[in-house]
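Work through the exercises below with the sequence and the model in view. Try each task before you read its solution.

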Amino acid sequence: MQSKNIVSKIINLYHIFSRNALGLLLLATLFLNTSFIDDKKKTNSKIRTIVIDPGHGGHDPGNLGTGRYKTTEKHIALDISLKLGVYIENAFPEIKVIYTRMTNDKFLKLGERTQLANDNNADLFISVHCDAFTNPDAYGAGVYVMGMSKLKANMDIAMKENSVIYLEDDYKENYDGFDPNSPESYIVFSLTQNTHLDQSLNIAEKIEQQFATRANRKSRGVKQAPFYVISRVNMPSILIETGFLTNPEEEDFLHSEKGQDYLASAIFRAFRAYKENFEGISSETDIVKPIVVKKERTKIPESEKEILTDKVVFKVQIGTYLKSMLNETLFKEINAEEQRLNGTFKYYVGSDTDKLAIDSLKLKMKEKGFKGAFVVAFFKGKRISTKEALSLQSKNKSHE
């Protein structure tokens, strides 16, 4: 609330002092002395909470695809966001991942997105979008941080994204007179841009690098633009344009499971590097290893409940999808077990107390095309790490 009051005061001051350069300098000085000091959260030694914001939603479809799929931005943004969240939850179960939306029929005001992040004292805000342009040949992914750019193109993109405000019936009351199409409204943005700029640039540059290497996408670089949704959060924030829906070939990539996996994986790898840098730790490997999922509850078949009461069971996880795959021929052939969690579908095969047997099954699954198959463990119906599972087995044997 205090940030909102300060913004209102600055807009009023702008009308008083903006008639000459000296007035603007005075305005900037006043702002820097009263800024968001009270609202700014002290830097934590660890990253605890992340808010992932799939752009648009509900009656706001965002940009529209022009290729054979005629996809909408809201669908692609949500698919990539959910995959990204799964990567983070699997690798870092201690991190709380919050989504601004988890369905495509939910419309959120820009203010609601930023408020959600601020209320949860998030350590990072990631907003996921898809781009569009009049030239169908435009392609590539880019990352934006909060800032006033000298390039008119960046301002135009920001104005277009900010214009979602007009879909809100009470936008004049909610945004203190902010008008997405009024250049003078962006004066406040220019004064707030440095609060978390260094950290925002840090992860943005890492994502840009991963897009070019991991996802093999044309990188459009890291840019600064006054997006409302990343200007009102009290934490490092970035807005990602994953590609152009108006380019038929790129729309195909964004629509595909493979494309979405590559993009989500690239963002995750960048986040992991950012986290390690932020917390002063180093990674032992560059392989993405999905591990324990926070608060995961697995539906256990009746035939397995007895054995799970006192023994560890290993399975092979063959994939995570955003839709049910049980009707697919291959999934029927391998008798895959389905588990639904947070809007995603996880699939397992096999069930054995012998890890070596499951390791062998994992290799067979890889040969069948499930290249990302890996071993998971369960104890008393709950998912645990394989390291913990082997430790439990060792302890049980020592007591026998």
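**Exercise 1: the whole chain**

Task: state what share of the protein is buried, and how its secondary structure is made up.

Solution: Of the 400 residues in the protein, 51% are buried, where buried means under 20% relative accessible area with a 1.4 Å probe, protein chains only. The secondary structure comes to 14 helices and 11 strands, which are DSSP runs (H or I, at least four residues, for helices; E, at least two, for strands) numbered from the N terminus. This is a predicted model, in which local features need pLDDT of at least 70 and side-chain atom pairs count only at pLDDT 80 or more, while totals for chains, interfaces and linings use all residues. Residues are numbered from 1 along each chain as its sequence is written, and side-chain values use heavy atoms, with hydrogens and water left out.

**Exercise 2: helix H8**

Task: check the span of helix H8 and find what its buried residues pack against.

Solution: Begin with the span, for which the rule is 1.5 Å times one less than the number of residues. Helix H8 (residues 197-213) has 17 residues and should therefore span 24 Å, which agrees with the 24 Å between its end C-alpha atoms. Next, look for buried residues in H8, among them Leu-197, Ile-203 and Phe-211. Finally, follow their contacts (heavy atoms within 4.5 Å): the buried residues of H8 pack against strands E3 (124-131), E4 (141-146), E5 (219-225) and E6 (237-244), and against helix H10 (257-279).

Definitions and conventions: Buried means under 20% relative accessible area, exposed over 50%, partly exposed in between (1.4 Å probe, protein chains only).
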